[in-house]
Amino acid sequence: DTNECITGTHNCGIGQTCVNTLGSFRCQRDTSCGTGYELTDDSRCKDIDECETGTHNCPPDFICQNTPGSFRCRPKLQCMSGFIQDALGNCIDINECLSTNMPCPSGQICINTDGSFTCQRISPSCGRGYHLNEDGTRCVDVDECSSSSQPCGEGHICINAPGNYRCECKAGYTFDVISRTCIDINECRRYPGRLCAHKCENTPGSYYCTCTVGFKLSADGRSCEDLNECESNPCSQECANVYGSYQCYCRRGFQLSDIDGISCEDIDECALPTGGHICSFRCINTPGSFQCTCPSTGYRLAPNARNCQDIDECVAESHNCSFNETCFNIQGGFRCLSLECPENYRKSGDTRCERLPCNENKECQSLPLRITYYHLSFPTNIQVPTDIFRMGPSNAVPGDKIQLSIISGNQEGFFTTKKVNNHSGLVVMQRQITEPRDLLLTIQMRLSRHGTVNTFIAKL
């Protein structure tokens, strides 16, 4: 056996003695644990719970409460606020008035009650019109005018005085000796026409000014100045302010409504009595204006936006005539014309055929010397009679005589001839042509010169 107490390999603390045992050791306390404690097997001091072991001496009305090394007896009865418990568990009232911190404010006395206390004001006696101050130490004046009861009534001014008050009439009121009250002064009736520029409205104790329709009250509250109604945009288009009112008017192409005098209605220019003369072809109404249109092909709108101008397809080279054909412009279109000279003739220009030499052929000598084609176009329903073509020799010789006649194409009698002089004649339209038509006239001119007669043909 190893003696740990001799070798110093034990862990006993101060106040303990090492005792060697077989194969080990134990620590033994040198002194006792004292009252309320007991020594354990491992030489430690353990608190004795007297309440658990029943070694206390608390009376039946008390509860045992263990404490380190002892115990305490607490009464079962708990005292309320304002009481203190004695050693026997009885509740005894606390006299708060005997405390040094003076529970009541200055000017009040403390009166002890069971479990509490009350403070009672030391009140001096104040006369009528006075009351105690907040400290309750002196009497101060009562301001009757500041109370909500309004002691003077409507129309009065309350003036406070020491211990009393008096009533006076407010501005705008006068004292009535019969009813002994303040009654309202009607300023509008007393000063008619002198207070307001337009209308005066009486109110209790005062008055206010108002203005008629179209005016607003000025900053002085009496004068009236013109109201600019146009600022609120009452009109659908344009507004002009006038004195006391306003006037609505419309932009070009619109007219003011007869119903409300505010809205602007579109004018249908095309439906007006002069609408048929606005556009040369067709009029289309638009909001506030109108638009002229032309036929879909062959015309374009003129710079004045009203008339239709014929498109010269021949100049614009927008035609489809072949190389051997001549383009001839007409209103709203064009024609492709081809000039073929008859037998015994040759082509001497785009629109002229010259007779070939006849030699001894007598039939040839009776043929016209020249055939010329003229292409004319003119509108329908033109004024008649109208001269449309003049014919004569290129150089006149004294003694010339001509005879002009229509030899074909005038079956309906639209045209006739008229002699101007011995060397000139006219083709005249004597009847109106009411619809577009293509007509081919053959005009013959017989020229007698120095006893010889020559014939010339013009095709129109």
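**Exercise 1.** Find how much space lies in the second largest pocket, and which residues are closest to its centre.

*Solution.* Start with the volume: about 290 Å³ of space lies in the second largest pocket. A pocket here is an open set of points on a 1 Å grid over the protein atoms alone, where a 1.4 Å probe fits, with protein on both sides within 12 Å along at least five of seven lines; lining residues have an atom within 4 Å of a point. The volume is the space filled by probe spheres set on the points. Next, look at the lining: it has 17 residues, and Arg 370, Gly 392, Ser 394, Met 445 and Phe 456 are the closest to the centre.

This is a predicted model, where local features need pLDDT of at least 70 and side-chain atom pairs count only at pLDDT 80 or more, while totals for chains, interfaces and linings use all residues. Residues are numbered from 1 along each chain as its sequence is written, and side-chain values use heavy atoms, with hydrogens and water left out.

**Exercise 2.** Work out what Ile 443 touches, leaving aside neighbours within four places in sequence.

*Solution.* Contact means heavy atoms within 4.5 Å. On that basis, Ile 443 meets Met 391, Leu 404, Ser 405, Ile 406, Val 427, Phe 456, Ile 457, Ala 458 and Leu 460.

**Exercise 3.** Decide whether Lys 170 is buried, partly exposed or exposed.

*Solution.* Buried means under 20% relative accessible area, exposed over 50%, and partly exposed in between (1.4 Å probe, protein chains only). Lys 170 has 38% relative accessibility, so it counts as partly exposed. Now check its surroundings: Lys 170 touches Gly 155, His 156 and Ile 157, not counting residues up to four places away in sequence. Finally, its C-alpha atom is separated from that of Asp 184 by 9.3 Å.
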